[in-house]
Amino acid sequence: MNLKVSSFDEYKQVYKQSVEQPEQFWDGIAENFLWRKKWDKTLEWNFKEPNVKWFQGGKLNITENCLDRHLETLGDTPAIIWEPNDPSEDHRILTYRQLFDKVCQFANVLKNNNVKKGDRICIYMPMVPELAIAILACARIGAIHSVVFGGFSAQSIADRIQDADCSLVITCDGAFRGAKDIPLKNVIDDALVTCPSVKKVIVLTRTRTPVAMLKGRDVWWEDEIKKVETQRNTTCEPEEMDAEDMLFILYTSGSTGKPKGVVHTCGGYMVYAGYTFANTFQYEPGEVYFCTADIGWITGHSYIVYGPLSQGATSLMFEGIPTFPNAGRFWDIVAKFKVNILYTAPTAIRSLMSFGDSFVEGKDLSSLKKLGTVGEPINEEAWHWYDEKVGHGKCPIVDTWWQTENGGHMITPIAGITPTKPGYAMLPLPGIQPVLVDEKGEVIEGNGVSGNLCIRFPWPGMIRTTYGDHERCRQAYFATYPDMYFTGDGCLRDEDGYYRITGRVDDVLNVSGHRIGTAEVENAINMHSSVVESAVVGYPHDIKGQGVYAFVVSPNVHGNEDLTRKDIIMTVSRIIGAIAKPDKIQFVSGLPKTRSGKIMRRILRKIAEGETSNLGDTSTLLDPGVVEEIKSGAL
Ligand code: WTA
């Protein structure tokens with residue numbers, strides 16, 4: 001069976017088959033991949049425990065699908081094109097052959113440093129080709145990677161390293177981001193003070209920032225490579241993995257507690273990342289594909305590394321930011337490498353829009369054929385700007401809805417094949433069965449309805465567990481509605497049956513496409529010495545989609561509110577990272593609470609949104625007076 005559908009009629013027919021005979025459908029999809037041994041059983045599942053197993057008995061190594069199997073036909077084809085932060089520095093191209101060699105080499109480095117199948121490896125690196133190489137090298141030898149986004153603080157890294165009990169860290173001396181130079185190794189050094197499980201740190205040179213190198217623990221990437229270069233055999237045999245062996249852990253925020261380690265497994269994830277990449281983007285051999293995400297997030301895992309490489313695609317990796325040296329950078333990159341497919345975030349589009357059209361007009365964007373967005377709802381204005389100014393009205397836009405827990409696209413147009421509509425993720429991919437449910441968990445049938453978005457049948461790329469705490473996985477995704485995976489998103493199905501994601505219905509914010517738990521931010525704010533308690537909600541933000549609004553009870557602001565605000569922001573940066581910094585901090589004398597002590601977030605959300613005229617029923621509040629005070633002090 002073909003990974004791609006080629007017409008809307010075929011989509012409808014394949015979709016129907018995928019619902020009626022899901023196992024047969026997925027068997028057909030999985031046959032497009034290289035297995036060392038075919039699976040015995042396609043699917044075993046229940047959403048109660050949950051227990052989901054795909055392709056049991058199958059043996060594979062995902063890197064054989066991403067590298068080895070392309071060598072003969074695509075050995076000289078670019079696998080990765082890398083564009084540096086500074087446009088005056090040379091770009092790099094790694095062909096499939098070169099990438100294969102480098103992955104094998106670094107896999108041997110890991111082995112030399114005692115890394116074994118099943119070990120957890122933390123990767124904290126900027127967007128350089130060595131990041132992709134490190135990920136693939138882990139997968140090659142069956143080590144489990146846990147990539148941590150470069151914007152997280154030492155404390156966040158330490159939490160993640162401890163949770164997964166990582167034995168080795170791969171990092172860089174520093175990272176270039178726009179005009180800034182970020183000392184990554186320093187951050188790792190701070191993190192490792194509380195991480196005794198880490199025995200080795202491999203440090204790649206990038207910025208030549210001075211770094212402390214501890215004897216016995218820290219080694220240079222370049223020195224380690226030299227050691228394996230002298231080995232006669234520079235290949236590295238792939239470890240044979242079971243389909244359900246862990247491939248990676250990626251931490252993501254939920255509505256409660258600390259971020260959880262979402263676990264993906266080898267077989268199902270491989271099939272799902274490859275299938276969705278090929279189908280959604282309708283990738284054709286030779287096309288240059290540019291996903292602007294960071295590999296620190298799921299989008300980069302699935303759609304810079306594993307999905308495109310599994311399909312023999314040319315994946316462009318960009319180290320910098322959209323606005324450096326100016327807001328025309330994306331368009332310069334598109335022109336320079338004749339990019340055919342561009343996949344970016346609504347927040348980037350809105351930010352570039354705000355600089356005016358002069359940066360995009362006159363750029364040679366004639367190579368573009370297909371456009372995509374991911375990570376958050378896109379407003380119509382940004383959709384039209386993308387369509388007109390970037391796509392020149394001739395490129396289909398795929399608004400891809402999915403989550404870290406999903407592994408790959410779930411509801412999305414298929415480029416040029418199925419219809420599109422601004423702000424709509426449209427239709428589920430074949431194999432995906434979305435349902436809308438009401439508060440009571442009753443399935444809402446028919447069209448022209450809204451509800452909470454659930455998925456009622458497993459798919460190969462879905463989360464298997466949260467690392468080290470299976471019960472947490474059950475609670476977070478499978479306990480709200482019986483026998484369904486609950487996404488946490490609200491959704492509308494219009495009269496034509498097209499889906500539009502309306503945003504999170506739980507206490508998770510989506511700030512510039514980054515998921516942030518309000519509870520996490522509150523915990524961080526509460527760590528500031530003068531804070532008694534706080535409540536964090538989102539509010540509409542022109543560029544970021546959502547901004548972070550914090551209501552803070554802090555009796556001693558030392559007569560200087562501004563300074564205290566800055567101190568609180570610094571505290572949040574320390575505890576979580578700069579991405580979670582509150583945009584607004586309002587000091588209040590108390591929070592609106594029910595008699596049982598529960599914070600009425602609904603009221604705070606309305607105030608943060610500037611909708612103070614109708615706050616609904618406040619009579620159940622312990623102290624209704626506090627609402628008036630908060631309203632009048634709103635920022
Ligand atoms: C949101 C990112 C609207 C949604 C791949 C989801 C979207 C969360 C879209 C997952 C979209 C993602 N339209 N909302 N096309 N894509 N979201 O785990 O709220 O970082 O639950 O995965 O982003 O974020 P995550």
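Which side chain meets that of Arg-120 in a salt bridge? The views below, all from a predicted model, begin with this pair.

**View 1. Arg-120 and Asp-165 form a salt bridge.** The partner of Arg-120 is Asp-165, with 3.9 Å from N to O. The pair links distant parts of the chain, 45 residues apart. Arg-120 belongs to strand E6 (residues 120–124). Asp-165 sits in the loop between helix H7 (154–164) and strand E8 (168–172). Arg-120 is buried, because its relative accessible area is 16% and the cut-off for buried is under 20%. Asp-165 is partly exposed, at 44%.

**View 2. The ligand sits within a shell of 17 residues.** The closest are Asp-399, Thr-404, Asp-489, Arg-504 and Arg-515. By class, the shell has 6 nonpolar, 6 polar and 5 charged residues.

View 3. A polar backbone atom of Thr-400 is 2.8 Å from a ligand nitrogen. Helix H11 (298–310), strand E20 (397–400) and strand E25 (499–504) each give two or more residues to the shell.

**View 4. Arg-36 and Glu-240 meet in a salt bridge.** Their side chains are 3.6 Å apart, N to O. Arg-36 lies in the loop between helix H2 (22–30) and strand E1 (41–46). Glu-240 lies in the loop between helix H9 (221–229) and strand E13 (241–242). The pair therefore ties together parts that are 204 residues apart in sequence. Arg-36 is partly exposed, at 38% relative accessibility. Glu-240 also counts as partly exposed, with a relative accessible area of 38%.

**View 5. Asp-583 and Lys-544 pair through their side chains.** This salt bridge spans 2.5 Å, N to O. Asp-583 is in the loop between helix H17 (561–575) and strand E30 (584–588). Lys-544 is in the loop between strand E28 (533–541) and strand E29 (545–553). The two are 39 residues apart. Asp-583 is partly exposed, at 30% relative accessible area. Lys-544 is partly exposed too, at 24%.

View 6. Side chains of opposite charge can pair when their charged atoms come close. The structure holds 44 salt bridges.

How values were computed:
Residues are numbered from 1 along each chain as its sequence is written. This is a predicted model: local features need pLDDT of at least 70, side-chain atom pairs count only at pLDDT 80 or more; totals for chains, interfaces and linings use all residues. Side-chain values use heavy atoms; hydrogens and water are left out. A residue is near a molecule or strand if one of its heavy atoms lies within 4 Å of it. A polar contact is a pair of N or O atoms within 3.5 Å; within protein, one must be able to donate a hydrogen and the other to accept it, and residues adjacent in sequence count only if both atoms are side-chain atoms. Helices (H or I, at least four residues) and strands (E, at least two) are DSSP runs, numbered from the N terminus. Ala, Val, Leu, Ile, Met, Phe, Trp, Tyr, Cys and Pro count as nonpolar, Asp, Glu, Lys and Arg as charged, and the others, Gly among them, as polar. A salt bridge is a side-chain nitrogen of Lys or Arg within 4 Å of a carboxyl oxygen of Asp or Glu. Buried means under 20% relative accessible area, exposed over 50%, partly exposed in between (1.4 Å probe, protein chains only).
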